[in-house]
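Please find my note on this chain below. It is set out as numbered points, to be read beside the sequence and coordinates.

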Amino acid sequence: MKNLSLILNVVLLVAVGVLFYLHFSSGKPAAASSSSVPAGDLKIAYINSDSVLKHYDYLEVNRQLLEDKTKRAEQDYRNRAISLQNEIAAYQRNVSSMTLGQVKATEEDLGKKQQNLQMYQQSLSQAMMEEEAKLNKALYDRITVYLKKIGDEKGYQVVLKFDPTSDVLYAGQSLDISKDVIDGLNAEYKQEKTGAPDSTATKKK
């Protein structure tokens with residue numbers, strides 16, 4: 001789970017509907033494209049990924065569920081490991097009074113149990129990685145779908161991720177739509193849980 005926040009941060013590297021046209025004049029005017037956007041009309045915004053990760057209720061709830069599930073799995077593994085250790089300790093205490101046949105049979109049994117425990121640990125790790133990947137995918141889908149929606153509503157051609165790790169060195173505060181995105185995402189999540197429209201969710205132009 002140590003890498004969960006880092007991985008979730010990576011999925012916020014989102015650009016919706018990026019539309020750039022680079023034109024180098026060769027002496028002949030280029031034909032106008034009906035889908036082109038003049039540079040002066042390009043509408044850009046950004047979201048602060050740290051803020052979204054911190055305040056998105058869906059992520060907080062599901063990350064906690066994943067962490068709880070991981071803790072239960074780890075505790076189950078520890079219990080099995082302790083049980084095997086106790087069996088090994090009991091064998092070591094009694095080995096001097098056992099026949100060669102009993103020693104051989106016990107060691108084979110303990111060896112199989114140790115191998116099964118290792119396989120169980122690997123299966124748990126794989127299962128947790130799959131659960132984490134599912135959460136990452138769901139987070140990516142939710143955010144990109146929402147950004148596409150507000151991009152269509154408000155005319156954004158580009159939405160960038162802005163944080164200390166991004167390539168954006170400076171962005172004016174007026175371009176920051178983090179709060180609107182967080183409020184909108186949480187309103188949709190609340191509606192999803194209750195099944196009722198959230199009257200506090202308003203569209204801003």
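**Note on the predicted model**

1. Val95 has a relative accessible area of 30% and is therefore partly exposed; the cut-offs are under 20% for buried, over 50% for exposed and partly exposed in between, with a 1.4 Å probe and protein chains only. Val95 sits in the loop between H3 and H4. Its C-alpha atom is 9.4 Å from that of Thr106, 11 residues apart along the chain.

2. The model is predicted: local features need pLDDT of at least 70 and side-chain atom pairs count only at pLDDT 80 or more, while totals for chains, interfaces and linings use all residues. Residues are numbered from 1 along each chain as its sequence is written, and side-chain values use heavy atoms, with hydrogens and water left out.

3. The chain has 5 helices and 2 strands, in the order α-β-α-α-α-β-α. These elements are DSSP runs numbered from the N terminus (helices H or I, at least four residues; strands E, at least two). Of the 205 residues, 30% are buried. The accessible surface is about 14,000 Å², and carbon and sulfur atoms hold 55% of this surface; areas come from the Shrake-Rupley method with a 1.4 Å probe, and for residues only the protein chains shown count as cover.

4. Among contacts (heavy atoms within 4.5 Å) with a separation of 6 or more, 82% join residues 24 or more positions apart.

5. H3 has 38 residues, so at 1.5 Å a residue it should span 56 Å, and its end C-alpha atoms are 56 Å apart, which agrees. The expected span is 1.5 Å times one less than the number of residues. H5, of 17 residues, reaches 24 Å from first C-alpha to last, close to the expected 24 Å.

6. The largest nonpolar core holds 21 residues, of which Ile47, Val52, Tyr56, Leu147, Ile177, Val181 and Leu185 touch the most other members. At least two residues each come from S1 (44–47), H2 (49–55), H3 (57–94), H4 (100–154) and H5 (178–194). H4 gives the largest share, 6 residues. A second, separate core has 6 residues, including Ala81, Tyr91, Val103 and Leu117. A core here is a set of buried Ala, Val, Leu, Ile, Met, Phe, Trp, Tyr and Cys residues joined through side-chain atoms within 4.5 Å.

7. Tyr56 lies in the loop between H2 and H3 and counts as buried because its relative accessibility is 1%. Leaving aside residues up to four places away in sequence, Tyr56 touches Leu139, Arg142, Leu185 and Asn186. The C-alpha atoms of Tyr56 and Gly184 are 9.7 Å apart, although 128 residues separate them in sequence.

8. The axes of H4 and H5 come within 11 Å and cross at roughly 115°; they are lines fitted to C-alpha atoms over the stretch in contact, with angles from 0 to 180 degrees between N-to-C directions. Residues making the contact include Arg142, Tyr146 and Leu147 of H4 and Asp180, Val181 and Leu185 of H5. The buried residues of H5 pack against S1, H2, H3 and H4; among them are Ser178, Ile182 and Tyr189.
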